[in-house]
Amino acid sequence: MALRTPLLLASCLLALSVEAMADDAHTYAFGEAAPASKATRTVEVTLQDISFSPKSLDVKAGETVRFVLVNKGQLLHEFNLGDAAMHAEHQKEMLQMQASGMLTATGMGKMDHAAMGHGAMKHDDPNSVLVEPGKTAELTWTFTQATGLEFACNLPGHYQAGMVGKLNVD
């Protein structure tokens with residue numbers, strides 16, 4: 001009996017912590033990350049200082065798109081899927097990352113998460129990728145029906161300078 005109580009308590013704590021981790025997982029109303037092997041189409045997007053080409057994209061609900069992101073600019077850029085409100089929130093995080101030295105104008109700086117006052121800040125959201133100058137990266141996404149969707153660079157000042165495009169999901 002004495003052994004069962006601690007085991008029962010440990011299993012309850014484990015169940016609660018797994019539930020808490022699931023709550024922290026990123027979920028998106030407009031879709032989810034997918035492996036490149038599931039892509040039904042590949043779209044190349046050029047990132048320049050300070051623009052995307054193309055400036056808008058059309059995708060179908062249920063379609064899985066592999067984005068090949070080519071940074072032809074001189075600055076670090078981001079390709080982030082979301083709506084305007086999501087981008088505004090992410091811009092605050094990116095500003096903190098830049099202020100802490102985690103991001104520089106051309107790449108990732110020192111990864112001192114403690115300097116930001118917490119240990120959880122990373123640039124690892126499944127709807128976003130950073131692309132250094134002269135580099136290529138990929139992001140694969142399965143889209144659901146959505147309105148007001150954009151792709152944007154949320155590095156400080158880039159969105160405001162016009163580095164945002166419209167993403168139409170039909």
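Begin by selecting Ala85, Lys92 and Ala99: these exposed residues sit on the face of helix 2 turned away from its buried side. Here, exposed stands for over 50% relative accessible area, buried for under 20%, and partly exposed for what lies in between, with a 1.4 Å probe and protein chains only. Helices (H or I, at least four residues) and strands (E, at least two) are DSSP runs, numbered from the N terminus.

The model on the screen is predicted: local features need pLDDT of at least 70, side-chain atom pairs count only at pLDDT 80 or more, and totals for chains, interfaces and linings use all residues.

Next, select the buried residues of helix 2, namely His87, His90, Gln91, Met94 and Met97. Viewed down the helix axis, these residues fall within an arc of 120°, so they line one face of the helix; the arc is taken from the directions between the helix axis and the C-beta atoms. An α-helix has 3.6 residues a turn, so residues three or four places apart point the same way.

What covers this buried side? Strand 6 (77–83), strand 7 and strand 9 (149–152) are included in the cover. Colour strand 6 first. Six of its seven residues are buried, so strand 6 is largely enclosed by the rest of the structure. Strand 6 runs antiparallel to strand 7, with four bridges joining them, and asparagine 80 has serine 128 in strand 7 as its bridge partner. Strand 6 also runs antiparallel to strand 9, again through four bridges; there, glycine 82 is partnered by glutamate 150. Two strands pair if DSSP finds at least two bridges between them.

Continue to glycine 107, in the loop between helix 2 (84–99) and strand 7 (128–131). Is glycine 107 buried or exposed? Glycine 107 is buried, with a relative accessible area of 5%. Leaving aside neighbours within four places in sequence, glycine 107 is in contact (heavy atoms within 4.5 Å) with Leu76, Met102 and Glu132.

Finally, select threonine 140 in strand 8 (residues 136–143). Threonine 140 is buried, at a relative accessible area of 8%. Phenylalanine 67 is 73 residues away from threonine 140 in sequence, yet their C-alpha atoms are 5.9 Å apart.

Conventions:
Residues are numbered from 1 along each chain as its sequence is written. Side-chain values use heavy atoms; hydrogens and water are left out.
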